[in-house]
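Colleague: I would like to learn how to read a model like this one, feature by feature. Could you take me through it?

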Amino acid sequence: MVSKASAKKKASTASKTPATQSSTTKHATHSHGDQQTLLNIFSDAFANVLSSEQFPTLLQEIKQALFNRDFGGAFGKEEYLEAYAARWSPTRALCYASVFCGVREYIDELVSKSTHGNDDESETADSSSSKDVASNDGVKMLCMGGCAAEHVAFASYLQQTKHSGSLRLLDSAPWKHVTSLLQNQLTTAPPLSKYASAAAKASNSCLVEPSQLRVTFTQANVLDLDGDGLSEQVGLEPVLVTLMFTLNELYTEGGIGRTTKFLRNLGLVLPTGSLLLVVDSPGSYSEAAVGKEKKRYPMQWLLNHTLMESETPGYTWERLESEDSVWFRLPEGLTYPIQLENMRYQMHLYRIHKLT
């Protein structure tokens, strides 16, 4: 559990002492100090939101919209997205960062599989561009659904591994402003007190350099993209595609037919060797109803049936890792302006092989 700090003060800087994690936190590899750094990024980026008198009201309105399954209402305003990112994204960012490090051996392989691109391509990407990036951008990740937590977690992965990377964020909600806030926070050294020591000033640095992480955001519903639209987002080189707490919503809101078609189209356009990482709520929290009798099927069963058991002309999927239920527990000693909670998730990682 994260202790609550004053919303008007930056969370204190933690030491580099490794955190004591529960044995149920399968992918815990970050130190206490690294985790606190990620929380500081959120508290600095959304300081105005966290200290606002309207913050509790915004959270209540978001919760009500989510309870009513009005996702357009919950994520339709920038002020809602900022409040959501400040409240719920920090824990998920720490969790996703640990997941990325836990499957690092597979992600690192994407760098060596990339083909050579145009070395003269600019390091700065337009936020609306979907142009393919050069191989010297290192690890490529396409995040379908969700933005803030994935953005920070991927930056943490690059910082930990010393890789460079390109990140494409694709979501139906208008996350562009939040993406800009976080990218600025990730690539700018945090503010220091004027009384900071010379040693503190000398060691103060950004999480990643601007040239190390290239980010683009596209506002679109993945279920509305045809094969050409998906291909444009995916690009020509092996990529890590993530569906973080997104796939079950696609099944529930978009329907099993449309979601299955999306997964099959994704398989058709992904370059060989690409990875698909799915993280979602575990157990009965991730089920979808089928047919007039509304028989419920677990999300994991539907996913495996589509990828592993159905006919997929021209390609096959390999399941690399699968966890039905894992707890991510926040270590004692972390601080944040508001209280954060532990979380539980399921995780499935696949690699695609094209038949030639």
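This is a predicted model: local features need pLDDT of at least 70, side-chain atom pairs count only at pLDDT 80 or more; totals for chains, interfaces and linings use all residues.

Colleague: How many helices and strands does the protein chain have?

Modeller: The protein chain has 13 helices and 11 strands. Both are DSSP runs, numbered from the N terminus: helices are H or I with at least four residues, strands are E with at least two.

Colleague: And what percentage of the residues in the protein chain is buried?

Modeller: Of the 356 residues, 52% are buried. Buried means under 20% relative accessible area, exposed over 50%, and partly exposed in between, with a 1.4 Å probe and protein chains only. The chain exposes about 16100 Å², of which carbon and sulfur atoms supply 49%; these areas come from the Shrake-Rupley method with a 1.4 Å probe, and for residues only the protein chains shown count as cover. As for contacts (heavy atoms within 4.5 Å), residues 24 or more positions apart account for 80% of those with a separation of 6 or more.

Colleague: Which residues of H3 are buried, and why do they line one face?

Modeller: The general idea is that an α-helix has 3.6 residues a turn, so residues three or four places apart point the same way. In H3, the buried residues are Phe55, Leu58, Leu59, Ile62 and Ala65. Seen down the axis of H3, they fall within an arc of 125°, so they line one face of the helix; the arc is that of the directions from the helix axis to the C-beta atoms. Their cover includes helix H2 (47-50), helix H4 (71-74) and helix H5 (78-102). Pro56 and Phe67 are exposed, on the face of H3 turned away from its buried side.

Colleague: How are aromatic pairs described, and how many are there here?

Modeller: A pair of aromatic rings is described by the distance of the centres and the angle of the planes. Rings of Phe, Tyr and Trp (its six-membered ring) pair if their centres lie within 6.5 Å; planes under 30 degrees apart count as stacked, over 60 as edge-to-face and the rest as tilted. By this rule the count is eight. One of them joins phenylalanine 75 and tyrosine 84, edge-to-face, 5.1 Å centre to centre with 80° between the planes. Both phenylalanine 75 and tyrosine 84 are buried. Ring pairs also link Phe75, Tyr84, Trp88 and Trp175 into a cluster.

Colleague: What does serine 89 touch?

Modeller: Serine 89 lies in helix H5 and counts as buried at 4% relative accessibility. Leaving aside neighbours within four places in sequence, serine 89 is in contact with Phe42, Tyr84, Ala148 and Ala149.

Colleague: Last, the backbone. Where does lysine 162 sit, and is it buried or exposed?

Modeller: Most residues other than glycine have a negative phi, and most peptide bonds are trans. Lysine 162 has a positive phi of about 65° although it is not a glycine. Lysine 162 is in the loop between helix H7 (148-161) and strand E3 (165-171), and counts as exposed at 67% relative accessibility. Phenylalanine 245 also has a positive phi, about 50°, in the loop between strand E5 (240-244) and helix H11 (247-254). Phenylalanine 245 is buried, with a relative accessible area of 15%.

Definitions and conventions. Residues are numbered from 1 along each chain as its sequence is written. Side-chain values use heavy atoms; hydrogens and water are left out.
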